[in-house]
Amino acid sequence: MRGSEFAGRASREQQADSIKEGIYLTFAALAVSLAVAVHGDVEAASALATLLVSAAGMVLAIFVADIVSHLVVHDLLMTRAGRRHSFRSAFGALATIVLPTALLAAAAMGWWPADTAVWAAVAALAATLLVITALAIKGTALPWWQRIALVGSLAALSLAVIGVQTIAHSH
């Protein structure tokens with residue numbers, strides 16, 4: 001089954017789960033990338049490994065949390081279809097780090113400076129949050145001005161996260 005076929009057949013709740021997991025992973029990757037960026041003296045291969053290991057850990061945590069929370073709420077194990085959906089939602093979130101991974105890999109191959117690549121990855125992750133939100137609300141019944149306000153609010157929140165993380169890791 002191709003991804004577009006799954007998206008076409010996924011319920012709104014399943015689509016929301018996938019969006020939610022993508023946002024979680026993007027924020028986590030943003031925090032990790034910022035931590036790497038503000039510590040200076042960045043090695044590209046190390047930054048890439050840190051991002052990939054952190055993302056893998058986050059995806060596994062999302063998957064386990066889905067399974068455990070389902071058990072708590074429904075008092076039974078997930079069905080095969082439920083596990084498949086949780087797997088797709090959790091591991092599908094890895095799509096949000098493709099561009100930052102490529103940027104860091106290019107730096108690891110010596111194509112550009114590591115510190116530039118890390119900050120470009122931070123910018124890409126912030127932009128990813130905006131794109132996810134814009135695509136998610138595209139088909140909603142919200143008036144245009146509320147859509148713009150929502151995307152603007154997320155942009156402000158992303159900048160706040162960047163600011164707080166930068167302050168936290170610069171001391």
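Biologist: How many aromatic pairs does a search of the whole structure find?

Modeller: The search finds three aromatic pairs. The model is a predicted one.

Biologist: Why is the pair of phenylalanine 63 and phenylalanine 87 called edge-to-face?

Modeller: The ring planes stand at 90° and the centres are 6.0 Å apart. Centres must lie within 6.5 Å for a pair, and planes over 60 degrees apart count as edge-to-face. The pair is therefore edge-to-face.

Biologist: What makes this pair a tie between parts that are apart in sequence?

Modeller: Phenylalanine 63 belongs to helix α3 (residues 44-74) and phenylalanine 87 to helix α4, so the pair ties together parts 24 residues apart in sequence.

Biologist: How do you know whether phenylalanine 63 is buried or exposed?

Modeller: Its relative accessible area is 17%. Buried means under 20%, so phenylalanine 63 is buried.

Biologist: And why is phenylalanine 87 called partly exposed?

Modeller: Phenylalanine 87 has 44% relative accessibility.

Biologist: What makes the pair of phenylalanine 87 and phenylalanine 91 stacked?

Modeller: The angle between the planes is 25°, with 4.3 Å centre to centre. Planes under 30 degrees apart count as stacked. Both residues lie in helix α4, four residues apart, about one turn of the helix. Phenylalanine 91, at 27% relative accessibility, counts as partly exposed. Ring pairs link Phe63, Phe87 and Phe91 into a cluster.

Biologist: Why are α5 and α6 called roughly antiparallel?

Modeller: α5 and helix α6 (residues 114-138) pack at about 175°, their axes 9 Å apart. Angles over 145 degrees count as roughly antiparallel, and α5 and α6 are therefore described that way.

Biologist: Which kinds of residues make up the contact of α5 with α6?

Modeller: The contact has 12 nonpolar residues, no polar and no charged. Among them are Leu99, Pro100 and Leu103 in α5, and Ala114, Val118 and Leu125 in α6.

Biologist: Where is threonine 96, and is it buried or exposed?

Modeller: Threonine 96 sits in the loop between α4 (80-92) and α5 (98-108). Its relative accessibility is 11%; the limit for buried is under 20%, so threonine 96 counts as buried.

Biologist: What makes the approach of threonine 96 to threonine 26 a polar contact?

Modeller: The two side chains are joined at 3.3 Å, and the limit is within 3.5 Å. The side chain of threonine 96 also reaches the backbone oxygen of alanine 93 at 2.8 Å. Residues that threonine 96 touches include Gly22, Leu25, Leu125, Thr128 and Ile132, leaving aside those up to four places away in sequence.

How values were computed: Residues are numbered from 1 along each chain as its sequence is written. This is a predicted model: local features need pLDDT of at least 70, side-chain atom pairs count only at pLDDT 80 or more; totals for chains, interfaces and linings use all residues. Side-chain values use heavy atoms; hydrogens and water are left out. Helices (H or I, at least four residues) and strands (E, at least two) are DSSP runs, numbered from the N terminus. Buried means under 20% relative accessible area, exposed over 50%, partly exposed in between (1.4 Å probe, protein chains only). A polar contact is a pair of N or O atoms within 3.5 Å; within protein, one must be able to donate a hydrogen and the other to accept it, and residues adjacent in sequence count only if both atoms are side-chain atoms. Contact means heavy atoms within 4.5 Å. Axes are lines fitted to C-alpha atoms, for helices over the stretch in contact, and angles run from 0 to 180 degrees between N-to-C directions. Angles under 35 degrees count as roughly parallel, over 145 as roughly antiparallel, 65 to 115 as roughly perpendicular and the rest as oblique. Ala, Val, Leu, Ile, Met, Phe, Trp, Tyr, Cys and Pro count as nonpolar, Asp, Glu, Lys and Arg as charged, and the others, Gly among them, as polar.
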